Amino acid sequence: MNNLVLVLITPLLAAVISILLRKTSFKDQTAFTGSIIYTLSVVVLANQVMSKGAVSLQAGGWAAPYGITLVADHLSVLMLSLTALVALATVLYSWGYISDKGKESGYYGFLFFMITGMSGAFITGDLFNLFVMFEIVLMSSYALVAYSGSKESLFISLKYVVLNLIGSSLMLVAIGGLYSVIGTLNMAHMAQILAQGSVNMAPVLGLAAILFCVFAVKSALAPFHFWAPPVYANSPAPASALMSGISKKVGIYAVIRMYITVFSQAKIPETAILFAGKSVTHAIGHLAILMAAVTILLGGISAINRNKLDKMLSYSSIGQVGFIFVPLSIAMISGLQAALTASIAYIVAHAIAKPALFMISGIIKKMTGTSKLKDLGGLKESSLLLSSSFFVLILSLVGIPPLLGFFAKLLSFQAAFNFGNSLVILLLFVGSLSTLLYASKAFIQIFFGEPVEFDCSKVSRKELFSVIILVITLLVVGLQFEPVYQLIGEASKSGINTQTYIETVLGATK
Amino acid sequence: MTLLIAAGLGLLFASGTYLMLRRDAIRVVIGSLIVSQTSNIYLITMGGVKGGVPILKHGSTHSNVTDPVPQALVLTAIVIGFATTAFILSLTYRFYEENKEVDLDSLRGDLL
């Protein structure tokens, strides 16, 4: 049996079982076991891919490009490992954080359905299947946003559903159009046909732009970022941890897969007025870098003057997506593999640090009953572990060596220097400065100054422990960056090397 | 025929967009549902509207047959759309229960 199926089936089974057992007294143990089994299945798959190279599975035995293909290469496996890590921490955190009443309405089920969707999106090799996986992630996140049932959260969930209905419709439009122009939805087959150059490129360019907008909505890239802060601030802390940590990265992964791997093969004809002889990815890359620039500035500056910790983290998360997209769009424009490596390093750094920060924000809200920065203070008295974890996390966010965030920033600056555009370097600099400002503001406001009333007994060890899992991973990954760098390099190689991807899916003979 | 379908789709997208810009939550929901259904219709037309049924015997030719793949895709999209419709309608109802009105402007302020 192929291990690829395992990473889809285990979270799906865990979702069904945890919904069935939601009213029993061992619901938490069940969910935690589910997340451990999921992690193990990811480890098995990762091990296989690391030792033997990328694997593919033709679902139902229908040969590609006619059936749906599941593919796992180094990039997918890296994303899956991040998902497994954050999922494990999130489930453990939810064990302590979510009330019994909440769990009885099937909270773990939504969480696992979301994990299923994310794993599916990371391993699918079919564009329409990617749409389905997106919908699975979205469907569970709608429910998680409306979770508290308050007027505000229902309103925000309603807006979020409407926005994503528009996004999904646009994605269908793009998918339908691409199918009609290219004649296939299998990503590897698309790349192969586009490389032959017999396809009319004008609709491909337009549809690729529409598709990019859809992915920008998923990853909250400006000007499609506005949904993120209210959604993250109103979901339960573990759900926003999972959403900002991983489900945003699903959109970014889709950009890497579709643009760096597939659309880079589509050459705009020499007779075109703009971008003649360049690839479609190159053209979209110019759009992407503009959007990324706006995102960094908007996220960073808005985060500085937020008055609530969770709002600040949401805007910070928007800004960080900009940081991921700057090297990514450099890779799209120039095809530099080093730039893609920088972007993936940033994805790893953010996917580990931001969930932990959201979890800490949840702990603080539980201890003090507020997340308003001006009502907080002196929390260093509460727990040394909590304050030092927060400190390590913001250091990584700001980019202080030897943490992972530093290496990601270093690689991004390197890519920007190689790209040779001084505006991009200035942008990264200003962005980093704003990160430093809001991160230090939050740290000083929360942990120093006049101590406020807090109640440590409301927070269980499980919540603290899941934060510590993520912080220790971040420290280990930063201190042992050499092997991680190799792995990230492999991932970016498998992202940029279309030929290997085509061979993995369609077989070497074609 | 193609022109007619294109015009019809344009009209549907336009009316969906118009409804989504209203203040009334119900109209917004119906507008977004119209948009999502329109994209389903659009998806069907992407297979080419040729009129032939895609049931082939051995040895028969492929001429004048509609591509079945978009229809398979649209079935999936309809199912997903159905689930989302059910969810969004119950969400609107819950919102009405909590808020006692469906005017979206009644709730603003500290949300952003």
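Some ground rules first. The model is predicted, so local features need pLDDT of at least 70 and side-chain atom pairs count only at pLDDT 80 or more, while totals for chains, interfaces and linings use all residues. Residues are numbered from 1 along each chain as its sequence is written, chains are lettered from A and ligands numbered from 1 in the order in which they are written, and side-chain values use heavy atoms, with hydrogens and water left out.

I start with the interface. How many residues does the contact take from chain A and from chain B? Chain A gives 35 residues and chain B gives 36 residues, where contact means heavy atoms within 4.5 Å. Between them the two chains bury about 3100 Å², and 80% of that is on carbon and sulfur atoms. Buried area here is the accessible area, taken with a 1.4 Å probe, that two parts lose on being put together, summed over both.

Which elements of chain A supply the side that touches chain B? Helix H6 (127-145), helix H7 (151-182) and helix H13 (309-334) each supply at least two residues. H7(A) gives the most, with 18 residues. Helices, for the record, are DSSP runs of H or I with at least four residues, and strands are runs of E with at least two, numbered from the N terminus. Sorted by class, that side of chain A has 23 nonpolar, six polar and six charged residues. In that sorting, Ala, Val, Leu, Ile, Met, Phe, Trp, Tyr, Cys and Pro count as nonpolar, Asp, Glu, Lys and Arg as charged, and the others, Gly among them, as polar.

Two residue pairs are in polar contact across the interface, both at pLDDT 80 or more. A polar contact is a pair of N or O atoms within 3.5 Å; within protein, one must be able to donate a hydrogen and the other to accept it, and residues adjacent in sequence count only if both atoms are side-chain atoms.

Next, the aromatic rings. The search of the whole structure finds 26 aromatic pairs over all chains. Rings of Phe, Tyr and Trp (its six-membered ring) pair if their centres lie within 6.5 Å; planes under 30 degrees apart count as stacked, over 60 as edge-to-face and the rest as tilted. Phe406(A) and Phe407(A) have ring centres 5.3 Å apart and planes at 65°, so this pair is edge-to-face. Phe406(A) is partly exposed at 23% relative accessibility, and Phe407(A) is buried at 18%. The cut-offs are under 20% relative accessible area for buried, over 50% for exposed and partly exposed in between, with a 1.4 Å probe and protein chains only.

Phe443(A) and Phe448(A) also form an edge-to-face pair, at 5.7 Å centre to centre and 75° between the planes. Phe443(A) is buried at 11%, whereas Phe448(A) is partly exposed at 37%. Ring pairs also link Phe134(A), Phe212(A), Phe215(A), Tyr259(A), Phe263(A) and Phe325(A) into a cluster.

Now the backbone. Most residues other than glycine have a negative phi, and most peptide bonds are trans. Where are the cis peptide bonds listed here? One joins Ala222(A) and Pro223(A), with omega about 5°, and Pro223(A) lies in the loop between helix H9 (201-218) and helix H10 (228-234). Another joins Pro401(A) and Pro402(A), again with omega about 5°; Pro402(A) is in the loop between helix H15 (384-398) and helix H16 (404-419).

Phe275(A) has a positive phi, near 55°. This residue sits in the loop between helix H11 (237-262) and helix H12 (280-304) of chain A and is partly exposed at 28%. In chain B, Lys100(B) has a positive phi of about 65°. Lys100(B) lies in the segment after helix H3 (69-99) and is exposed at 64%.

Last, a residue in a helix. Not counting residues up to four places away in sequence, Val321(A) touches Ser219(A), Ala220(A), Leu221(A), Lys248(A) and Ile252(A).
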